[in-house]
Amino acid sequence: MASNKISLFQKIVSTVKSRETLNYFMSTHFWGPVANWGLPLAALADLKKDVSIISPKMTFAMCIYSLLFMRFAIMVKPINPLLFACHFTNECAQLTQGGRLIHYNLTHKENPV
């Protein structure tokens, strides 16, 4: 049992140290999406803020932006699942913001945003 754990640990270490793994972590295929995660994280944080600060134009623009980059993430070779996940999360957050805005405008007809 102990030898199985050691061999599993050695496999993991050899995989992490492999040239292919190092090349991935040193590429824009990895760092681009990592840097881009600021957008969906900010959008998720905005879900707790007041609806009156939502910009309809920016929400629409971010929806289109994320849709385009989700398509790009699956069309580029090799496929970039990290980029896709980032923009999928942003798309969901932006659609939620848009839904909140529509609900607010329908329920507050005297003072729409």
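Reader: Which helix gives the most residues to the lining of the largest pocket in this predicted model?

Author: This is a predicted model, in which local features need pLDDT of at least 70 and side-chain atom pairs count only at pLDDT 80 or more, while totals for chains, interfaces and linings use all residues. Residues are numbered from 1 along each chain as its sequence is written, and side-chain values use heavy atoms, with hydrogens and water left out. Helices are DSSP runs of H or I with at least four residues, numbered from the N terminus, and the element that gives the most to this lining, with four residues, is α4.

Reader: Which salt bridge does D46 form, and at what N to O distance?

Author: D46 is among the residues closest to the centre of the largest pocket. A salt bridge requires a side-chain nitrogen of Lys or Arg within 4 Å of a carboxyl oxygen of Asp or Glu, and by this rule the count comes to one. The side chain of D46 meets that of K49, with an N to O distance of 3.3 Å.

Reader: Is M70 buried or exposed?

Author: M70 lies in helix α5, and its contacts (heavy atoms within 4.5 Å), not counting residues up to four places away in sequence, are F84, H87, F88 and E91. Buried means under 20% relative accessible area, exposed over 50% and partly exposed in between, with a 1.4 Å probe and protein chains only. Because its relative accessibility is 11%, M70 counts as buried.

Notes
On a 1 Å grid over the protein atoms alone, a cavity is a set of points where a 1.4 Å probe fits but cannot get out, and a pocket is an open set with protein on both sides within 12 Å along at least five of seven lines; lining residues have an atom within 4 Å of a point. Helices (H or I, at least four residues) and strands (E, at least two) are DSSP runs, numbered from the N terminus.
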